[in-house]
Amino acid sequence: MALIDFKVLPGIDKQDTTSGAENRWVDCDNTRFRYGLPEKVGGWSSLITDTIVGVARRQFAFVDISGNRYIAIGTDKFLLIYFEGQLYDITPLKTTLTSCTIATTSGSAVCSITKTSHGLSSGDIVLLDNVTLPGGTGYSDSDFEDKLFQVTSVTSSSVFTITQSSNATATVATGGSLEVKPYEQVGPAEQSYGYGWGIDTWGTGAWGEAASASDVSLEPGLWSLSNFGEVLVATIANGKTFTWNAGDAARLTTRASTTTSGFETTNNPTATRVSLVSPTTRHLIHLGTETTIGNTATQDDMFIRFSDQEDINDYTPTAINSAGSQRLQDGTKIIGSLKAKEAILVWTDNALYTMKFIGAPFTFGFEQVGTNCGLIGKNAAVEIDGVAFWMSNNGFFMFDGTVKSLPCSVEDYVYDQADTTKGQQIYAGLNNQFTEVTWYYPSTSSDYNDQYVVLNYGEKVEGGVWYIGTESRTSWIDASVYPKPSATKFNDSATGTFPVIIGEDGLGQTTLFEHEVGTDQVNPDGSTTTVTSFVKSYDFDIQSQGTSGDVFLAMRRFIPDFKDLQGNAKVTLAVKRYPQQSDTTTSLSPFTINANTDKKDTRARGRFVNIKIENTDVSESWRFGTLRIDIQPDGRR
């Protein structure tokens with residue numbers, strides 16, 4: 001039989017069986033589709049030699065008026081600034097605890113600090129200052145002075161413990177003096193549902209205490225990050241709003257605060273789900289916030305409040321300003337919000353609203369534009385050129401003036417394995433260079449994001465081009481301020497190096513990567529990890545005399561055709577007699593292909609055959625073209 005072209009449509013189809021998904025690819029990892037052809041994704045390289053303590057949940061890039069570039073990174077513990085190759089800790093501090101005392105135990109690294117009504121929890125981060133130790137501990141003041149510690153336990157409302165890096169040489173009763181500067185609490189590392197013993201790891205209680213519904217933070221620690229000119233505006237989810245002025249000469253040694261000179265937020269609500277700055281009118285908008293400012297008990301998850309124009313600290317409506325408020329109706333809570341071309345988009349857990357500036361006397365007008373299309377998590381939506389894409393609890397949607405449900409060829413696969421009870425951990429990232437929206441999500445077998453699904457909105461194929469993978473990211477920003485996208489990867493079993501925390505335990509490690517760089521993963525220590533990738537075809541058969549799968553086929557040879565090939569690629573042929581059977585790799589597979597490969601002779605026989613293209617080593621990259629295969633009927637058994 002003559003050679004035939006083996007051509008497959010772009011994207012992955014998991015809605016059908018592997019034999020029923022005719023002319024489709026059925027599985028892949030670290031593969032994208034561009035101009036109809038599959039190719040390995042670009043590599044990624046660590047931007048810094050440090051790794052971040054905790055799990056990053058939000059990134060935001062901005063510039064100051066001098067052109068300096070920044071990325072703000074919000075984690076479950078910290079607010080950090082990445083500035084030209086280095087990290088800076090700008091996490092806001094709570095009220096300083098003064099007149100504290102410390103006690104040590106001989107042969108133990110655990111130190112007890114006494115302060116009446118300290119209000120701390122196990123896992124909190126504290127900065128110690130003005131330390132004068134009692135005599136005989138074996139430590140020096142400098143072992144504690146201006147150092148960060150993790151609160152390792154809370155033994156009472158008056159006593160908590162920290163752990164030093166070495167043991168005390170004597171037991172010393174409470175004495176000396178020091179100040180404790182607690183970091184603002186952000187929230188848990190992961191989203192959890194349930195009540196009982198051992199879950200109260202954040203808030204006002206101690207670990208191991210039984211927790212009631214009013215004690216438990218079900219959602220993970222999240223941030224809203226936006227800018228008011230060169231000023232970063234940072235809101236802790238269900239908490240306060242802080243600012244950080246990039247125009248300050250001492251900016252890199254100054255923390256975000258509610259009292260930043262000229263950009264105070266002392267009159268802002270103190271419990272807000274989401275905040276953002278209106279891009280054209282420069283109102284600071286709080287969504288899911290307090291009906292009485294300063295009283296967290298009045299937080300209404302559907303209530304919106306906005307400041308006066310150009311004044312982010314004035315929320316009192318008057319006849320001569322544009323401050324105001326509005327309550328939405330459809331849903332139980334506001335989930336997220338985005339700036340779009342002509343409006344601000346606001347999602348509840350059930351609906352989509354537009355928020356448009358209309359001027360006095362109402363300032364903003366609100367219109368419900370969709371229902372049964374709520375957002376699954378705060379960071380699960382992106383916007384590009386006035387079009388929004390998002391993930392809901394019941395499918396994928398877009399808004400281009402009208403809400404549309406997106407047909408998805410991997411929908412069942414995603415929703416069958418995604419842990420939708422951790423929706424606030426899902427992160428949508430835009431990679432505009434490759435016209436991709438990627439949703440990173442946690443599977444039911446993982447506490448953190450470990451899977452992804454991609455919509456390539458630029459490929460003009462009916463139903464869209466969708467693909468999947470297993471690389472994990474917890475936050476992402478597209479190339480804009482910096483020339484490449486950046487993303488964060490979390491490892492809950494490793495230990496971060498920045499900020500340096502004495503007594504750190506169980507906080508995990510985040511690596512900040514620059515994407516679309518090279519072919520592999522370059523780690524913070526300079527080592528290289530292979531980025532493997534593959535794409536696998538549907539099970540195809542010989543059709544003879546109107547039958548399908550009735551005749552065995554024999555593949556004698558194939559001629560590879562790669563658009564681009566760096567290093568080697570592997571081609572594996574697998575056969576089966578019946579669709580429900582597992583793949584059986586043919587005897588000569590896999591076939592190693594390089595730039596000099598003309599053809600490969602094969603010994604493949606079966607009713608159904610599929611083809612897998614992959615790379616398994618460093619410095620390899622590929623872009624597939626078309627295989628030409630010599631295939632012919634070979635009997636009925």
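**Note on the predicted model**

1. Glu516 is buried, at a relative accessible area of 14% (buried means under 20% relative accessible area, exposed over 50% and partly exposed in between, with a 1.4 Å probe and protein chains only). Its phi is positive, about 60°, although Glu516 is not a glycine. The residue sits in the loop between strand E41 (509-515) and strand E42 (521-522); strands (E, at least two residues) and helices (H or I, at least four) are DSSP runs, numbered from the N terminus.

2. The model is predicted: local features need pLDDT of at least 70 and side-chain atom pairs count only at pLDDT 80 or more, while totals for chains, interfaces and linings use all residues. Residues are numbered from 1 along each chain as its sequence is written, and side-chain values use heavy atoms, with hydrogens and water left out.

3. Asn238 also has a positive phi, about 65°, and is not a glycine. Is Asn238 buried or partly exposed? With a relative accessible area of 36%, Asn238 is partly exposed. Its loop is the one between strand E20 (231-236) and strand E21 (241-245). Most residues other than glycine have a negative phi, and most peptide bonds are trans.

4. One joins Phe498 and Pro499, with omega about -10°; Pro499 belongs to the loop between strand E39 (486-491) and strand E40 (501-502). Another runs from Ser589 to Pro590, with omega near -5°, and Pro590 lies in the loop between strand E50 (584-585) and strand E51 (591-593).

5. The largest nonpolar core has 77 residues, and within it Phe389, Trp390, Phe396 and Trp439 touch the most other members. Such a core is a set of buried Ala, Val, Leu, Ile, Met, Phe, Trp, Tyr and Cys residues joined through side-chain atoms within 4.5 Å. Strand E31 (residues 387-392) gives the most to this core, 5 residues. Apart from it lies another core, of 22 residues, including Ile52, Phe78, Ile125 and Leu512.

6. E31 and E32 pair antiparallel over 5 bridges (strands pair if DSSP finds at least two bridges between them), and a hairpin of 2 residues joins them. Ser392 has Gly395 of E32 as its bridge partner. Strand E33 (residues 403-406) runs antiparallel to E32 and is joined to it by 4 bridges, with Leu406 of E33 as the bridge partner of Phe396. The hairpin of E32 and E33 has 3 residues between the strands, and Gly401 there takes a positive phi near 115°.

7. An open sheet of 4 strands has the order E22-E23-E24-E25, paired antiparallel. Strand E22 (274-277) and strand E25 (324-327) are at the edges with a single partner strand each, so one side of each has no neighbour in the sheet. The twist averages 15° from one strand to the next, taken from lines fitted to C-alpha atoms (for helices over the stretch in contact), with angles from 0 to 180 degrees between N-to-C directions. Inside this order, strand E23 (residues 284-287) and strand E24 (residues 303-306) pair over 3 bridges, and Ile285 stands opposite Phe306 in E24.

8. How many cavities of 30 Å³ or more does the structure hold? There are 4. On a 1 Å grid over the protein atoms alone, a cavity is a set of points where a 1.4 Å probe fits but cannot get out, a pocket is an open set with protein on both sides within 12 Å along at least five of seven lines, and lining residues have an atom within 4 Å of a point. Points are joined across faces, edges and corners, and a volume is the space filled by probe spheres set on them.

9. The largest cavity holds about 200 Å³. Of its 17 lining residues, Arg32, Val41, Glu436, Tyr440 and Tyr452 lie nearest the centre. E35 (436-441) is one of the strands that supply at least two lining residues, and its share, 3 residues, is the largest.

10. The largest pocket holds about 920 Å³. Its lining has 33 residues, with Arg58, Phe60, Leu338, Glu383 and Ile477 nearest the centre. Among the elements giving two or more lining residues are strand E8 (56-63), E22 and strand E34 (427-431).
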